[in-house]
Amino acid sequence: MTATTAEEFPRIFAKYWGARDAAALAGLMAEDADMLSLTGGWAEGRKAIEALLTEELLGGFSHSRLVTGKTRLRVLGPGAAVLQQRFVLSGLVDSAGRDIGRTGAILIAVLVARAGGWHAITLQFSAVEG
């Protein structure tokens, strides 16, 4: 499932995150996209993004869930937008498997409409306070 509108992107991202589906998450990215992950990992290209997300979703995010908060979508022109999506990230676990609570997160992405739907050409996913 790909986002058919820019507005759908965060809901679909959260769905794939909850399913721990790194391949589907990477599929939301353009082939030549780049990504800064929650852990500070950097990846360039869809295959590298999938590998980074696979590793992260098997670690401290293996039980995590995203709950969507405030969304801001700025249309840049036909087929281009900047998305700012707040999330609450819960279900985080430490290396011993203990729950370490929840935190705020923000996803910022430049989205473009391409064949097959809206894709991120660059995405930053960062923890934030509050």
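Author: Happy to. This is a predicted model, in which local features need pLDDT of at least 70, side-chain atom pairs count only at pLDDT 80 or more, and totals for chains, interfaces and linings use all residues. Residues are numbered from 1 along each chain as its sequence is written, and side-chain values use heavy atoms, with hydrogens and water left out.

Let's begin with the sheet. Six strands make up an open sheet with mixed pairing, in the order β2-β1-β6-β5-β4-β3. Strands here are DSSP runs of E with at least two residues, helices are runs of H or I with at least four residues, and both are numbered from the N terminus. Two strands pair if DSSP finds at least two bridges between them. The edges are taken by β2 (42–44) and β3 (65–77), each with a single partner strand, so one side of each has no neighbour in the sheet. On average, neighbouring strands of this sheet are turned by 15° against each other, direction ignored; the axes behind such angles are lines fitted to C-alpha atoms, for helices over the stretch in contact, and angles run from 0 to 180 degrees between N-to-C directions.

Now to β6 and its partners. With β1 (residues 29–36), β6 pairs in the parallel sense over four bridges, and Leu36 stands opposite Gln124 of β6. Leu36 also has Trp42 as its bridge partner in β2, where β1 and β2 pair in the antiparallel sense over three bridges. With β5 (residues 103–114), β6 pairs in the antiparallel sense over 11 bridges; there, Val110 stands opposite Thr122. The hairpin of β5 and β6 has two residues between the strands, and Gly116 in this hairpin takes a positive phi near 95°.

His119 belongs to β6. His119 counts as buried because its relative accessibility is 9%; buried means under 20% relative accessible area, exposed over 50%, and partly exposed in between, using a 1.4 Å probe and protein chains only. A polar atom of the His119 side chain lies 3.3 Å from the backbone oxygen of Gly117.

Side chains of opposite charge can pair when their charged atoms come close. A salt bridge is a side-chain nitrogen of Lys or Arg within 4 Å of a carboxyl oxygen of Asp or Glu, and three are found in the whole structure. In one of them, Arg46 meets Glu31, with the closest N and O atoms 3.0 Å apart. Arg46 sits in helix α3 and Glu31 in strand β1, so the pair ties together parts that are 15 residues apart in sequence. Arg46 is partly exposed, at 25% relative accessible area. Another salt bridge joins the side chains of Arg114 and Asp32 at 3.9 Å, N to O. This pair links distant parts of the chain, as Arg114 is in β5 and Asp32 in β1, 82 residues apart. Arg114 counts as partly exposed at 41%, whereas Asp32 is exposed at 57%.

Two helices also lie across β6. Helix α3 (residues 46–58) lies across β1, β2 and β6, at about 45° to β1. Helix α1 lies across β3, β4 (80–90), β5 and β6, running at about 40° to β4.

Finally, Val128 is also in β6 and is partly exposed, with a relative accessible area of 26%. Leaving aside neighbours within four places in sequence, Val128 is in contact with Arg86, Thr103, Gly104, Ala105 and Ile106. The C-alpha atoms of Val128 and Met1 are separated by 28 Å, the two residues being 127 apart along the chain.

Definitions and conventions
A polar contact is a pair of N or O atoms within 3.5 Å; within protein, one must be able to donate a hydrogen and the other to accept it, and residues adjacent in sequence count only if both atoms are side-chain atoms. Contact means heavy atoms within 4.5 Å.
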